[in-house]
Amino acid sequence: MSRPGNEQKKPFIHMVKRDALSSQKQWLIRGIALMGALLAGALLILSLGHNPLAVYRDMLVGALGTPTVRRETVKIAVPLLITAIGISLAFKMQFWNIGAEGQALMGAVCAGYFAFFQYDSMPRLVLIPVMMLAGMAGGGLYGLIPALFKAKWGTNETLFTLMLNYIALAFIKYLQNGPWKAPHSQFPKMSMLDDRARLTKVLGVHWGWILALLLVVVAYFYFTRTKQGYEIAVVGESRDTARYAGINVSFVMIRTMVLSGAMAGLAGMLQLTGADYTITEGTAGGVGFTAITVAWMAKMNSFGMLAVAVFIAILERGSNKIQTTFKIPASAAEVLTGLILFFMLGCEFFINYKLVRSRGKEADA
């Protein structure tokens, strides 16, 4: 029996796990979230003294209105998609890789060695694949470090990978001010790439977009049709169960993080050789963090990541456009983008959980 002194009220509202929703209901919730995002954004735009319909229209025109801006939107989406695929590899096994930003930078640095200093010592057909392999190796090795520490000593991978981002940024600064500083430059910066080290274009955009589409298909089959993908899923569900099933958890963790880092390093290489043509502290451009949103919103599905990456690229490109057309401050444009993403991420909560009102009292035994 419970004692009166121990009676305790239930919370007025509490969270419970939903039963599986039908696909139609899931998309209905997402549609409602999108409408809510647009309405919240409209209030922000009105507070700045602009017409929300005109601003939203200009965002779409700025991202998709002409062939030139469409190409720019694709250039934003490519590294975002590839990095998201890499992050999803780690996230599927519950390894929280927050270091894709640093892995992309190290991939750019390793590819940059050949792009800056070896471009005239090998034919172009050899140089480009070498830069790709170097970029993937750089990102993969940078991803290997936290995986080894996690497997050996059980360190916190979230903090470890996050801190490695700052080390990568510091290394870029060192190179800019030291051995890779552009000759005769009064400022700490690196030279621009020679044309021989730049990626050729297909339909106006470097061919990295073709590679990104191929990786979407490869990632899908890797997750769903291979032994390695199965092992990642089992490790993600329960490491104890994986060990009981005879899976070498430490090896799977290390192998998968090397692949995850390699994808981020490949994105950094493509950004260097196909878009920026030099290395700066902004080469990764926050893609390592935004890609987390892409992977999460897509529920680690590679085809979903393609759609979400394009959606976010449209938002980013569109927000740049309205800064110029409507003189909206960059901070306000970023808030508008953040609002939309917040609603879209938040709707996933209501797909998986629901809030229910409590009734009565619960006795504390």
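Let me start with helix H2, residues 52-64. Helix H2 has 13 residues, and from its first C-alpha to its last it reaches 18 Å, close to the 18 Å expected at 1.5 Å a residue. Keep in mind that this is a predicted model.

Now, which residues of H2 are buried? They are Pro52, Val55, Tyr56, Asp58, Met59, Gly62 and Ala63. Viewed down the axis of H2, these buried residues fall within an arc of 160°, so they line one face of the helix. On the face of H2 turned away from the buried side, we find the exposed residues Leu53 and Arg57.

What covers the buried residues of H2? The cover includes four helices: H1 (23-47), H3 (67-91), H12 (302-325) and H13 (330-352).

Next, the start of H2. There, Asn51 has a side-chain oxygen that reaches to within 2.9 Å of the backbone nitrogen of Leu53.

Then there is Ala63, one of the buried residues of H2. The backbone oxygen of Ala63 lies 2.7 Å from a polar atom of the Thr73 side chain. Thr73 itself lies in helix H3.

Is Thr73 buried or exposed? Its relative accessible area is 4%, and the cut-off for buried is under 20%, so Thr73 counts as buried. Setting aside neighbours within four places in sequence, Thr73 is in contact with Ala63, Ala313, Ile314 and Arg317.

That is the part I wanted to show.

Technical notes
Residues are numbered from 1 along each chain as its sequence is written. This is a predicted model: local features need pLDDT of at least 70, side-chain atom pairs count only at pLDDT 80 or more; totals for chains, interfaces and linings use all residues. Side-chain values use heavy atoms; hydrogens and water are left out. Helices (H or I, at least four residues) and strands (E, at least two) are DSSP runs, numbered from the N terminus. The expected span of a helix is 1.5 Å times one less than its number of residues. Buried means under 20% relative accessible area, exposed over 50%, partly exposed in between (1.4 Å probe, protein chains only). The arc is that of the directions from the helix axis to the C-beta atoms. Contact means heavy atoms within 4.5 Å. A polar contact is a pair of N or O atoms within 3.5 Å; within protein, one must be able to donate a hydrogen and the other to accept it, and residues adjacent in sequence count only if both atoms are side-chain atoms.
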